[in-house]
Amino acid sequence: MIHRFSLRVAQAATLITMVLVLVVSAWGQSMSAGTVTGTVTDPNNAVVPNASVTIENAITGYRQTVNTGLDGVFRLNNIPFNNYVVSVSAPGFTGTRGSLSIRSSVPLTSNIQLTVGATSETVTVTGVELIENDPKAHVDVDKSLMDRLPVRDPGSGLSSVVTLAAPGVAADSNGGFHPLGDHFESNISLDGQPISDQQSKFFSTQIPVNTIQSIEVITGAVPPEFGDKTSLIINATSRSGLNQIKPTGNFNALYGSFGTTHEDGSLAYGNAKGGNFVAFNYERSNRFLDSAEFKALHDRGTAVNIFDRLDYSPNSKDTFHLNLFLARNRFQTPNEFDQQALGQDQGQVVRTINIAPGFVHIFSPTTVLSLNPYYRLDNVKYFSSPDPFADQPLTFGESRRLNNVGLKGDLSYVKGKHNAKFGMQISHTFLTEGFQFGITDPGFNDPASPDFLPGLLPFDLTRGGHLFGFRGHTDIKQEAFFAQDNLTIGNANILLGVRFDNYNGITHDKLIQPRLGISYLVKPTNTVLRASYTRNFETPYNENLILSSTTGAGGLANGILGDSSNLPLLPGKRHQFNVGFQQALGKRIVVDGDYFYKRTTNAYDFNVLFNTSVVFPISWQSSKLDGVSARINLTNYKGLSAFMVAGHTRARYFPPESGGLFFNSDLPSGVFRIDHDQAFQQTTQVQYQVQRWKRLSPYFAFTWRYDSGLVAGAVPDFDTALTFTADQQAQIGLFCGSTFATPTQGITTCSDTNRGALRVRIPADGTANDDHNPPRIAPRHLFDFSAGTDNLLRTEHTKLSLRFTVLNLTNKEALYNFQSTFSGTHFVSPRSFQGQIGVSF
């Protein structure tokens, strides 16, 4: 098996190398970052060597500094798209500053002339420099913030950053999230490489946050260059070794509760012509996944990965780069108390390979051609227990492979009022699936029960049945073409664009998608107003797509596999409207608000197999989603900085459903609120860095996360809760008067009016309504605190860092979800402590 896996890696590398050789002369790679070049001169137009040039953004905290060479020339590379302040200083000259807006990979030229005089100047940021005149609803997050945000789930750093820092995102278990009412629907663009397959740690292996310089999270007015999954775009720029003449790097070691260990390191080195950045991560925890019990049982897992980015710029017009990523997750499936007693021993392993070379060619100061070929492999194996009857109520296993080969190219043109991009994307996805299951609990599908499903009887091992087996393979071909132009006309910024997608997989469909947006800057009040309309083509989830496409309405239990009436999952088609504003309050505060409305035909979700990591894509006839999101940022003021993001979503779904494996599930027959629906969520994060001790610079960070509770449709009334097992009742904290259910002693009857559940909000008798009054997970407040220093020994070059973190400070016992057909049951992690020590240079 190892030999076959290595052979496939070698074949993939050979394929990508051949593709690059064939196309490098005609195309280039599109990076989600810009470049600024220029020359610093004195009043006599003589060049100024060794001048310091700094570009920074007060909202995100991004900062990059370079020195001019002997010829007075400077070059700032890999700059995330945003607004910036540029400061230049040199001994014997008066410092100067200016503003820049980076919105394209076309390099900007900024020649700067210094005047003779004092060597220092106070840099003041104005309100106009804090806001962005951009039609997109988005938020920018820099590495400086990522490093300080708490990570609650091992192997889910990027998901944690998005959940905490992006407005309108509801938190779910195992690092999952619901962006603007959709289920886990996101598209990562890493240095221009599109990754639209699922990135939760039980689907694949996420790009670790220590490889990322910045991300732009887009939730509205998505430009035509992005497709497939458009509820949330993560436009990520990785770190680079270009211009790192003096090598920089770090190593960190963390130890925490649940036997959690984490080691990571990075190294960047290079010059103006070439550079290399490499990073590795290793994590181990005895609470690797969120479990169905507050106490983790059978929950050990490890994650290891390595990332390398190589850049080479042989001249001023050409740039090559190569991203390599290798990763593996291996973890146990958490048990409930009953499963633990039976000796259930299920687990999963995920292997990921990603190879993405690229090339950029600058034709002129206005035109850049770029290309990004890529190859990605996810290999997932799920293992049942050695004793099949230790698995309750089913024993099952799966093996699936997802190979994705593609090419994305574009031509960028920036001149005058135009910032245009024209391009194409071609991808070919190879899916192979194997799945088997058998019923091991005689009461799960009892023939004497009114809920008996005859279609499952042949697979009941307790009644002489056999394992259900499935194996399938398919190829999915996709082509997309797009054109877009951001027109700047006076104080208005207008997005005009169109995208065409052709999907040729198990099903076939295509769609022309206009993307339109406008923003307007009201200068006297430092206000930006924006509005947009986008048409989006949502492609089916690839994970277990083949089996889900053969089960039809109601899933496997209600149909016959392969029956001609079983409709495969079709692509979704969406209309989306956004209206928003951005307001600067003084020189340090920015407020952003957005309203969204999404109407989707063939709306996607997942059907999870109990509380495991095995899921199947499903679709509903349609969905209506709307809500509001908000963000407030306080820029650094004497060491104090803060942000708050919030959101409210209504997620209404309409049957019928198609696909998935639904076993004994009572699916809604009318419009209902799905478990992505949450009335309110917010994150507040406050940081303070002590300014008095400049070298030591101790810092303190406090994070408050509030979630009002996702829909929990399994508990429509108290009488239904009485039918649960004792352990399930204990999970929701069911009580009758002063009596509480325990894992071994349930509640069978209750006449006391004082009854309910601590961790689920059960509607009053007779008031439950799937649309207007569904049961919900109880609201939760989670508090995290950290304190540390980035220079414990107060040294100049090599620095020792120390950090102490407490997660879930109050040890809140809370659920993410309960008995959800789409998510299962999972507890929020109990209080945990982490200590980290590191060295950087």
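**A disulfide and other contacts**

Guide: Let us begin with Cys736 and Cys750: the torsion about their S-S bond is about 90°, so this disulfide is right-handed. The two cysteines sit in distant parts of the chain, 14 residues apart, with Cys736 in strand β38 (residues 734-736) and Cys750 in the loop between β39 (739-740) and β40 (755-757). Their sulfur atoms are 2.0 Å apart, where a disulfide is defined as a pair of cysteine sulfur atoms within 2.5 Å. The structure holds one disulfide, and both Cys736 and Cys750 are buried. Here buried means under 20% relative accessible area, exposed means over 50%, and partly exposed lies in between, using a 1.4 Å probe and protein chains only. Helices (H or I, at least four residues) and strands (E, at least two) are DSSP runs, numbered from the N terminus.

A word on the basis for all this: the model is predicted, with local features needing pLDDT of at least 70 and side-chain atom pairs counting only at pLDDT 80 or more, while totals for chains, interfaces and linings use all residues. Residues are numbered from 1 along each chain as its sequence is written, and side-chain values use heavy atoms, leaving out hydrogens and water.

Now to the charged pairs. Side chains of opposite charge can pair when their charged atoms come close. A salt bridge is a side-chain nitrogen of Lys or Arg within 4 Å of a carboxyl oxygen of Asp or Glu, and the structure holds 34 of them. One of these joins Arg103 to Asp134, with N to O at 3.6 Å. Arg103 is in the loop between β7 (96-102) and β8 (108-109), and Asp134 is in the loop between α2 (127-130) and β11 (137-142), so the pair ties together parts that lie 31 residues apart in sequence. Arg103 is partly exposed at 24% relative accessibility, whereas Asp134 is buried at 5%.

Lys136 has a salt bridge to Glu216, with the closest N and O atoms 3.4 Å apart. This pair also links distant parts of the chain, 80 residues apart: Lys136 is in the loop between α2 and β11, and Glu216 is in strand β16 (residues 212-220). Both ends count as buried, Glu216 at 7% relative accessibility and Lys136 with a relative accessible area of 13%.

Elsewhere, Asp460 and Arg463 form a salt bridge whose closest N and O atoms are 2.6 Å apart. Asp460 is buried at 0% relative accessible area, while Arg463 is partly exposed at 36%. As for shared partners, salt bridges join Arg103, Glu132, Asp134, Lys136 and Glu216 into one network.

Thr205 lies in the loop between β15 (193-195) and β16, and is buried, with a relative accessible area of 4%. Not counting residues up to four places away in sequence, Thr205 touches several residues, including Phe325, Arg328, Val350 and Arg376; contact means heavy atoms within 4.5 Å.

Strand β45 (residues 815-820) is largely enclosed by the rest of the structure, because five of its six residues are buried. β45 pairs with strand β46 (residues 824-827) in the antiparallel sense over three bridges; two strands pair if DSSP finds at least two bridges between them. Asn817 has His826 in β46 as its bridge partner.
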